[in-house]
Amino acid sequence: MKKISIICLIILAMAGLTSCQKTDELAPAKSSEALKYKMPEPTRLTDQDRQKLQDIEKEYNESVNK
Amino acid sequence: MMMKFFRNNKYLYATLFVVTLVLSSCGEFLDIKPYGKTIPETTEDYNALVSDMLLGIESANEGAVRSDMLFLGNDPVGNIEQYCDNMEVSLTELPFGRNLRYYIGTFLGTISASTYYREYYRVISRCNIILDNYKDGRDTDEGRQMVGTCYVLRGLAYYQLLRMYCEPAGVGSQLGVPIVTDFDMEGKPNRSSYEDTFKQAESDLLESLNYTIDEKVNLFSMDVRKALLARLYFWVGQFKEAKLYADEVVKSHPLLSGEEYGNMEKATDKLAGNMLLRCDVTPRNTHAPSYLNESLVARPLSYHYVKLFAEKDEDIRYTLYFDKKRRNKKIHFSGIRTAEMYLISMECAYHLGDTGEALTMLNNFRAHRISDYTPYTMETLPVVDETENIKVDCTGAKLTPLMYAILNERRKELYLEGDRFFELKRNGRPEFSVIYNGLKYTTEKFMYTFPLPPSDIQINPAIKQNPGYVEILY
């Protein structure tokens, strides 16, 4: 039983050793350098926005197709 | 009992001992100072560090630090233009232009917002190592050249941190960035004041003027260093000093016009015309203007930009910069050229109260770009277009026709050179919206100032984040 415990201990030590190659070897999602800030959400278009878009498209098409 | 147990298991214990030894020698995990890095010893060692940063700017390599970011580089210049108002986001041809940026929030809401910050501090850290530790050979010509170069690089890094990560001069919290001038791996400096960050950049660049740098083997000629000082003073609103240095540069690198100007603008690499410095002077494939323009043409230039060319074909830029469908033809440029210095001097003259000189300079500049040019008088200057995004100048004053014309000339000339975003920031940080793929995205005032890396604030909670950046996404 004691032999088994010691062998288990060695296996655990080896596992620990092989998993500590680099201090920054973490999955990117958990890295503090991967943190980012939430930005404002885009909004749906209003009638005024749609009109503005149409005006932009109209002006462009008329100008470049002269 | 214990001894018996040990004797029976001595091989196992020997194995455990060896494992413990190996574990304790694991360099990266249990290392102490200098954290696996060594301080260089010889002039050659130090020179390699400096050369690496200079080659990075020329884009011959990416190096261990991204020194190319000190001048943005071709690719970022194209990206940052896409966040501004010179191109018409809503007319982006999809799916061809799906890789184009459409709103600064898409940059600020990613870890890329911290990239410039980290890379600038990597440059600063490397310069600090050299300035702190390089002793033998420091007084030789080669040594002095290296030291002078480090002052330029560090000053330039602080200048860019001031532009990107601090609010513009005269508004907001007036916080600067942490100032690091020693090589200390364990230091956790807080943010300095805006004034102190400016002074750090200023003292580094002024100090660099005391060193002779051979411009045949180094990017930072005396005129480049003066140009960088002009940019710094201009950004913080010290117009007298900005004009002084800008004028000196213009004196030795006069404005070009006609064919000479056209040839410079068409140059895809190398120094041409009156360029003083060019980042990406030997661009890698992915930084080549022809490669970058393949996607850029999916978005036409905006009406508001194109209408500034009232003289149309008589303005050499009208045909050089875009085609009949308003698709980009201009070559990406990241660096320093005379036109910017002239425009700085022109605006400084205005802010210093000499509107006569500002108008004369404006007319001279336009005469170099427009054939058969008829000079403006104060009476014939175009009226201010109230629908434009910029409505006040950098002092907060409402635009006059003269200031409006000066800013327009800068907007036209420095398109696709990484300038417009910072012009918007410098002149009132206007909020504006774009329509993209059926949604409306608004560039808000706070977005002109990038967030400090959230990880730095976690390490040192005393560091105050810029306004607007509240909720962290994990």
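Which residues lie nearest the centre of the second largest pocket? Read on for the answer.

## Ground rules

This is a predicted model, where local features need pLDDT of at least 70, side-chain atom pairs count only at pLDDT 80 or more, and totals for chains, interfaces and linings use all residues. Residues are numbered from 1 along each chain as its sequence is written, chains are lettered from A and ligands numbered from 1 in the order in which they are written, and side-chain values use heavy atoms, with hydrogens and water left out.

## The second largest pocket

Lys52(A), Glu88(B), His304(B), Asn389(B) and Ser433(B) lie nearest the centre of this pocket, out of 29 lining residues. Its volume is about 600 Å³. At least two lining residues each come from α2 (47-64) of chain A and from α14 (303-306) and β5 (432-436) of chain B. (On a 1 Å grid over the protein atoms alone, a pocket is an open set of points with protein on both sides within 12 Å along at least five of seven lines; a cavity is a set where a 1.4 Å probe fits but cannot get out; lining residues have an atom within 4 Å of a point.)

## A sheet with strands from A and B

β5(B) also belongs to an open, antiparallel sheet of three strands, ordered β2(A)-β6(B)-β5(B). β2 (43-44) of chain A and β5 of chain B are the edge strands with a single partner each, so one side of each has no neighbour in the sheet. Five bridges join β5(B) to β6 (residues 439-443) of chain B, and one partner pair is Phe432(B) with Thr443(B). (Strands pair if DSSP finds at least two bridges between them; a strand is a DSSP run of E, at least two residues, and a helix a run of H or I, at least four.)

Helix α8 (residues 141-165) of chain B reaches 36 Å from first C-alpha to last, close to the 36 Å expected at 1.5 Å a residue. (The expected span is 1.5 Å times one less than the number of residues.) It is mostly covered, with 22 of its 25 residues buried, meaning under 20% relative accessible area with a 1.4 Å probe, protein chains only.

α8 of chain B is among the elements that each supply at least two residues to the lining of the largest cavity. That cavity has a volume of about 290 Å³, and Arg163(B), Arg231(B), Glu340(B), Gly418(B) and Asp419(B) are the closest to its centre among 24 lining residues.

Note on methods: Grid points are joined across faces, edges and corners, and a volume is the space filled by probe spheres set on the points. Buried means under 20% relative accessible area, exposed over 50%, partly exposed in between (1.4 Å probe, protein chains only).
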